[in-house]
Structure formats: structure tokens, C-alpha cells
Amino acid sequence: TAAVDLSCVWHNLEYMACTWRPGENVSSDTNYTLFYWFDGLKNPKKCSNYSTDQGLFGCVFNFTFPKVTNTYPTISILIRDDSEEIRPVCASKNPTTLVKPATPSQVTLSKINDKIDVKWSESETFPKGCLLYEVKYRNSDLDTGRIIPVTNYLLFLPQSEENSVSISGIDPNSKYIFKVKAKPKPDCYSSEFYSDWSEEKSIGEKRDSTISLVLIITIPLIVAVSTIILLVYLKRLKILILPPIPDPREILKRMFGEQNEDSQVSKKL
């Protein structure tokens, strides 16, 4: 009858979310209650924000410590029911193993030539230098849609006032899509939880193969037609500026021909 599969996650050092499944031999109307306690609390606290989803029980409660704290006390969790027929279950957990950062926000992209700068906001709940980041991007111009993992370049960066990374060797005529996620730094926390990926952001314009094909065909055609028109125009312009010089032999032939005709007319008269 005891609750099983107890799992807890400490979200962004702000609240704890625990889930569990009911025991095998319990009725459908069983109401489990979660209590938690850690060194510093006078009395155990009861969780009041419950939920159920397809047989999975859950409860969320605030769980914070000052950011200057270097050590975190063990948290004890008790799940039971008011009925004596339900067996209670108790677990002790190291909260540093349960840390899951929030999704990185305010991701911005900027591009200069073949380099793209990626920036994102700094977490306000984690101490400085206690988060690592991973940036993943892909070139949307690739026919296969292959995702290029940033892990090839080992882009895990210590947190700073302005978290950013520059990626060079970018095709300036392609569209790129980026997303970012965070992970606790092992020096600060023992957790292996990554944050969720940030919302995808894109930069650049994807080349349209149809437009490129049309341009390849039309540009040479336009150049050829323009060249023909220009040659015709230049020929006409040359005639206007430099008219053809008459052949002197033709002039003499016409002159003597006219004189012969005049003499013959005079003889007839």
C-alpha cells in the first residue's frame, strides 16, 4: 500500500516537485499526504499543492536557500495517508542532486559576415559561475535537415555577466536555427539534470532554389537581348554622327552621264 517510484526535482533553486505512484493494493479514493523537513525547520511542513495525472500523484512546495549558502541540508520526505491501512514511506535526499535549472531566456542572435553571436540572459537564482551552457544549431539550408551538435566544439561556457558565444565559419547566405540549455556546474551541485531547451531562434535567409534557377536562366537572356539592342542603337548612332562619304567615282559617272544626255538633247533640237 505504500507509495512507490518517489521522484523529486528542485526546479531553479525555487521549488521542489515530487511525484509518486500509488501502491498496488490501495483503493482508488486513497489520498496521500506529503510532509517534508530539513535541518532548520522547527516542525515538518505539509505540502498542499497536489495533482494527479493518469494515476501519477504529485505535489509542489517552495524550497529555497540563500544563494550564499555553500552547503545544503538533507531533506526528508514522508508520504502517508490518514488511514492506518496505508503504509507510510520516508526518504532522505541530497537536494544538490535534484537541481534542474530553468530554461535559458532572452536568447538573441546577431550576424556579421561569417560569424554569429549568440547571447542569453543570466540566471538570477543561481550563484555566479554555477551553471554551464550548451548551444545547439543547425543549417536550415541542408536538404537532409541534419542537426549540427555544438558539443563538437565543446561550447560549455562558465556563466558570466553576459552569457554569449561566437560561432564562425557561417554561410552568410543560409538560415541558421539556435537553441540553448543549461546544466548545474559539478563544482556547485551534483545534479545531472539539464534544463529544457530554449525556444528556437533563427537568423539569416534561406535560399530559394526556384528563384536561383530563374535568375540563372533570365540573367544571361537579359544580357543577350540588351547586347543586341545596344549594337543596333550604336549602329544607327554611328550613321547619324558619321554619315557615309560618297564615292568620287560615282559622282564623276553621274556628272558625265548628265552632260552626255544634255549634248544628245541639243543635237536633236
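This note comments on the disulfides, strand pairing and a surface patch of a predicted model.

1. Disulfide inventory. The predicted structure contains three disulfides. When the bonded cysteines are numbered in sequence order, the pairing reads 1-2, 3-4, 5-6. The individual links are taken up in turn below.

2. The link of C8 and C18. These two cysteines form a disulfide with their sulfur atoms 2.1 Å apart. The link is right-handed, with 110° about the S-S bond. C8 belongs to strand β1 (residues 4–11) and C18 to strand β2 (residues 15–21), so the pair ties together parts that are 10 residues apart in sequence. C8 has a relative accessible area of 3% and is therefore buried; C18, at 1%, is buried as well.

3. The link of C47 and C59. Here the sulfur atoms lie 1.8 Å apart. This disulfide is left-handed, because the torsion about its S-S bond is about -100°. C47 is placed in the loop between β4 (45–46) and β5 (49–53), whereas C59 is in strand β6 (residues 56–62), so the pair ties together parts that are 12 residues apart in sequence. The relative accessible area of C47 is 1%, which means that this residue is buried. C59 also counts as buried, with 1% relative accessibility.

4. The link of C130 and C188. A disulfide joins C130 to C188, with an S to S distance of 2.1 Å. With -75° about the S-S bond, this link is left-handed. C130 sits in the loop between β11 (115–120) and β12 (131–139), and C188 in the loop between β16 (176–184) and β17 (201–203), so the pair ties together parts that are 58 residues apart in sequence. As for accessibility, C130 is buried at 7%, whereas C188 is partly exposed, with a relative accessible area of 25%. The latter value falls in the intermediate class because buried means under 20% and exposed over 50%.

5. A further cysteine, C90. The relative accessibility of C90 is 55%; this residue therefore counts as exposed, since the exposed class begins over 50%.

6. Strand pairing around β6. Strand β6, which holds C59, pairs with β2 in the antiparallel sense over six bridges. Within this pairing, A17 stands opposite V60 in β6. Strand β2 is also the element that carries C18. Strand β6 pairs with β5 too, again in the antiparallel sense, over five bridges. S51 stands opposite G58 in β6.

7. The hairpin of β5 and β6. These strands form a hairpin with two residues between them. Q54, in the turn, has a positive phi of about 50°.

8. Nonpolar patch at the surface. L221, V225 and I229 make a nonpolar surface patch of about 290 Å². One of these residues, I229, is found in helix α1 (residues 209–241). I229 is exposed, because its relative accessible area of 53% is over the 50% limit for that class.

Conventions
Residues are numbered from 1 along each chain as its sequence is written. This is a predicted model: local features need pLDDT of at least 70, side-chain atom pairs count only at pLDDT 80 or more; totals for chains, interfaces and linings use all residues. Side-chain values use heavy atoms; hydrogens and water are left out. Patches are made of residues with over 30% relative accessible area and no salt bridge: like charges are joined within 9 Å, nonpolar side chains (Val, Leu, Ile, Met, Phe, Trp, Tyr) within 5 Å. Accessible areas come from the Shrake-Rupley method with a 1.4 Å probe; for residues, only the protein chains shown count as cover. A salt bridge is a side-chain nitrogen of Lys or Arg within 4 Å of a carboxyl oxygen of Asp or Glu. Helices (H or I, at least four residues) and strands (E, at least two) are DSSP runs, numbered from the N terminus. Buried means under 20% relative accessible area, exposed over 50%, partly exposed in between (1.4 Å probe, protein chains only). A disulfide is a pair of cysteine sulfur atoms within 2.5 Å. Two strands pair if DSSP finds at least two bridges between them.
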